[in-house]
Amino acid sequence: MKKKLLLILKAIIIVLILFIIIRLFTPTWTPLIKGENSISELKKVEINGTDFTIMIRGEDRDNPVLIFVHGGPCCSEIPYIRKYQENLEKDFTIVHYDQRGSGKSYEFGKDYSDVTAVTHRDDLIALTEYIEEYLGKEQVILTGHSYGTYIAMMAAHQREDLYQAYIGIGQMSDTVESELNSLSKCITEAEHAGNESDEEYLRNLEPTIANGESITPRNYVRKYGLAARKIDENLDYLKGFLFGTEYNLLDAVRFYTASIRYQDALILEALNHPITEIVDEMKIPVYFVMGKYDGMTSPETAEEYLYSIKGNEKKEFILFEESAHYPQLEEEDMFYQWMKDTFVN
């Protein structure tokens with residue numbers, strides 16, 4: 001019996017090793033969308049002297065174009081995002097890209113320590129120009145998520161001529177005020193749960209957060225349901241890395257290497273130079289889409305920022321009542337309907 005169990009264990013180990021080896025080097029692609037004028041591409045393009053991986057999907061390439069700017073920093077959404085955008089692909093051509101030094105755009109052995117938000121801004125502007133020429137568009141809709149809003153607002157502010165509108169999902173604002181708001185929410189949830197040790201620990205963080213030296217610990221934000229309530233983003237990443245077609249395990253290694261090496265510096269930059277001090281005027285329509293329970297980026301602080309922005313164009317704050325930091329995914333159907341009503345109908 002013992003010998004039989006050992007043989008089974010060895011077989012399992014061999015299968016796992018083979019699976020890992022195969023998944024490390026599995027060619028990547030994005031599934032075909034049927035249709036005469038559809039588009040479904042996963043490819044590398046050279047932007048500002050660097051290779052970027054981009055994914056373009058849509059049932060009709062003549063539809064309005066959406067460029068999504070991922071957050072993190074360094075957290076590409078390409079590994080899993082396709083499962084959440086099937087409806088959007090009917091009415092929009094959707095572009096995702098891995099930012100310089102992130103995910104599939106990360107090159108082993110290359111130093112990205114000099115990359116800043118301004119670098120990302122300039123890359124986004126150049127990428128937009130490429131996409132508009134490639135798809136024959138005069139303007140596109142620009143959408144940022146989380147840290148991606150920091151980059152996207154800077155790009156939209158600098159080159160408003162390129163963009164039809166700007167959508168900030170999980171919008172960054174006054175970083176310190178937002179983090180203090182998130183901390184307060186975590187403390188309240190810990191208090192309601194009767195977790196006195198968590199409550200005490202979190203209260204002790206207030207001075208360093210107020211000084212802009214740190215952020216509310218994300219493990220506590222997740223613990224108290226202030227990151228995602230209706231999806232499991234970490235499980236989505238795991239499934240994407242293990243079984244998805246757009247990423248293989250070598251890409252997953254790139255993803256985590258970039259996050260570990262460069263994420264903290266980019267977060268600190270945003271803390272020291274909040275977007276509220278960089279962009280105070282927009283001449284295109286601006287929409288902030290926030291989840292009511294968001295503890296990553298405060299909806300209260302974002303709304304205050306939105307209505308402080310100068311400009312004569314439309315400004316709208318949209319609050320999703322059942323979401324946290326991912327309203328576009330947590331309430332996928334409602335987000336699709338809002339996008340359709342706003343930009344198609």
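In this predicted model, 8 strands make up an open sheet with mixed pairing, in the order β1-β2-β4-β3-β5-β6-β7-β8. Strands (E, at least two residues) and helices (H or I, at least four) are DSSP runs numbered from the N terminus; two strands pair if DSSP finds at least two bridges between them. At the edges, β1 (39-47) and β8 (315-320) each pair on one side only.

Helix α3 (residues 117-135) packs on the sheet and touches β1, β2, β3, β4, β5 and β6, where contact means heavy atoms within 4.5 Å.

The model also has pockets. On a 1 Å grid over the protein atoms alone, a pocket is an open set of points where a 1.4 Å probe fits, with protein on both sides within 12 Å along at least five of seven lines; lining residues have an atom within 4 Å of a point. A volume is the space filled by probe spheres set on the points, which are joined across faces, edges and corners.

| Largest | about 780 Å³ | α10, 9 residues |

Of the 36 residues lining the largest pocket, Gly72, Pro73, Arg218, Arg222 and Gln263 are the closest to its centre. The lining of the second largest pocket includes Lys43, Lys44, Asp51 and Arg254.

Residues are numbered from 1 along each chain as its sequence is written, and side-chain values use heavy atoms, without hydrogens and water. Local features need pLDDT of at least 70 and side-chain atom pairs pLDDT 80 or more, whereas totals for chains, interfaces and linings use all residues.

Key: Axes fitted to C-alpha atoms, helices over the stretch in contact; angles between N-to-C directions.
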